[in-house]
Amino acid sequence: MKRKLLGALLSTAMVASLVVGCGGKEAAPADTPAETEAPAETEAPADDAADDTAAPAATGGGKIGISMPTQSLERWNRDGAYLDEQFKAAGFETILTFSDDKTDQQVNDIQNMLADGVDMLVIAAIDGNALNTALEGAAEKNIPVISYDRLILNDAASYYVSFDNYTVGKLQGEYIVKALDLENAGDKTYNIEITAGDPADNNATYFYQGAIDAIQPYLDNGALNVVSGQKDFDAVATPGWKTDTALARAQNVLSSYYADGTQLDAWLCSNDSTALGVTQAVTSDYAGSNTVIITGQDGDEANLKNIVDGTQTMTVYKNVSNESIVTLALAKAILAGETIDESLIPSFGIECAFDTESYETSAGNKCPSFLLVPNVITKDNLQDLVDTGLYTMGDDGYLSATK
């Protein structure tokens, strides 16, 4: 897996024209040529794919299958709602499913969408390695696939829309470095623990690596110390991003390594659902009296409340409404047979980078990616979330998502 730096990403020479997806397949229009026609029963010949009449979604009117991982995490409910809303407002018919974090169910959901004649698939994979059967079906029908937020490790995926995932982790690590003033630590050592994400989620390793790269110099010079010794990704990963799993491990770490009064200064958590578990453990089981820096990601309501209350310190916010806007614009361009490259970005009206180097669906097959920019949210700038129009703030200072 390749690591990327945002600076390198923004300075990478952009290709002048790109009309192929991750596996080198042409991003062909869908099988259904017009809104009033039934889905085609057989795969169209290659020459027909370039026909101007075979672009059902140039002005809307196509059918989009949207496959989300689960409704058990707040952020996927938001993603699903925004995508569904954006596509419907643009004149598309949608099929929206949530697969209860079960890969077999997601495969079945996608196969049902293909049988129902979708013109495009937008998939946030539960497991980026587990969709081969469904994506083979998409490839056979010449159906474009947008890998949404989580990279699908299959060459049938056409394009990738996400945030700069390495930078998400880097922002978390840099926040800890700044908050502890590690550059001026001198002989002082601060203690830190780490909780990473789901091993099945390709993004989890990017978040982890970005954070580790930010704090590694201070681990090397002794300014930071992982008391438990649990630092490698496999040791700190959290299957399913489950709050209860993160809670149980945090309680075990605290009872095993901090019960004697050892001070804990920071806990690096890759996202908000794991941060909820760690925060609960620190609140109930940590023997020290100091405030522990706890990071997160997503801007979930419960975590924003914890930020207001001072039990979680920060979160990295990814505006999933913007992610859905970019996905819609990309989908329209693909189905209209337009050239897909950085020239699309001005039409988004959103800060974004086009990257053809950093994400691979298989060895040597690099997936063209549109990457949005995340932001750090703390108690001091919660108003920034309100200003997006996606949150409201109550008289108690707590934020509620508008969807």
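This is a predicted model: local features need pLDDT of at least 70, side-chain atom pairs count only at pLDDT 80 or more; totals for chains, interfaces and linings use all residues.
If we leave out residues up to four places away in sequence, L330 touches I146, Y159, V161, I340, L344 and F370. One of these, V161, is 169 residues away from L330 along the chain, and yet the C-alpha atoms of the two are separated by 8.8 Å.

That brings me to the core. The largest nonpolar core has 79 residues, and the members that touch the most others are F87, L224, L330 and F370. For L224, again not counting residues up to four places away in sequence, the list of contacts reads L180, L182, T189, Y190, I192, I215, Y218 and L219. Apart from this core lies another one, of 18 residues, which includes I123, A125, L135 and V145.

Let me turn to the strands. An open sheet is formed by seven of them, with mixed pairing, and the order across the sheet is β2-β1-β3-β4-β5-β14-β11. At the edges are β2, residues 93-98, and β11, residues 352-355, each of which pairs on one side only. From one strand to the next, the twist averages 15°. Within this sheet, β3 (residues 120-123) and β4 (residues 145-148) pair in the parallel sense, over three bridges, and here V122 stands opposite I146 in β4. I146 is also one of the residues that L330 touches.

Strand β10, at residues 314-317, pairs in the other sense: four bridges join β10 to β15, residues 375-378, and the two run antiparallel. In that pairing M314 stands opposite T378 in β15. How are the two faces of β10 placed, buried or exposed? Both are covered, with M314 and V316 buried on one side and T315 and Y317 buried on the other.

Y317 also takes us to the aromatic residues. Searching the whole structure gives eight aromatic pairs. In one of them, the ring centres of Y317 and Y391 are 5.9 Å apart and the planes stand at 70°, and because planes over 60 degrees apart count as edge-to-face, the pair is classed that way. Separately, Y160, Y206 and Y359 make up one aromatic cluster.

Setting aside neighbours within four places in sequence, D84 is in contact with I66, T94 and L96.

As for the cysteines, how many disulfides does the structure hold? The number is zero. C269, at 0% relative accessibility, counts as buried, and so does C352, at 13%.

Key: Residues are numbered from 1 along each chain as its sequence is written. Side-chain values use heavy atoms; hydrogens and water are left out. Two strands pair if DSSP finds at least two bridges between them. Axes are lines fitted to C-alpha atoms, for helices over the stretch in contact, and angles run from 0 to 180 degrees between N-to-C directions. Buried means under 20% relative accessible area, exposed over 50%, partly exposed in between (1.4 Å probe, protein chains only). A nonpolar core is a set of buried Ala, Val, Leu, Ile, Met, Phe, Trp, Tyr and Cys residues joined through side-chain atoms within 4.5 Å. Contact means heavy atoms within 4.5 Å. A disulfide is a pair of cysteine sulfur atoms within 2.5 Å. Rings of Phe, Tyr and Trp (its six-membered ring) pair if their centres lie within 6.5 Å; planes under 30 degrees apart count as stacked, over 60 as edge-to-face and the rest as tilted.
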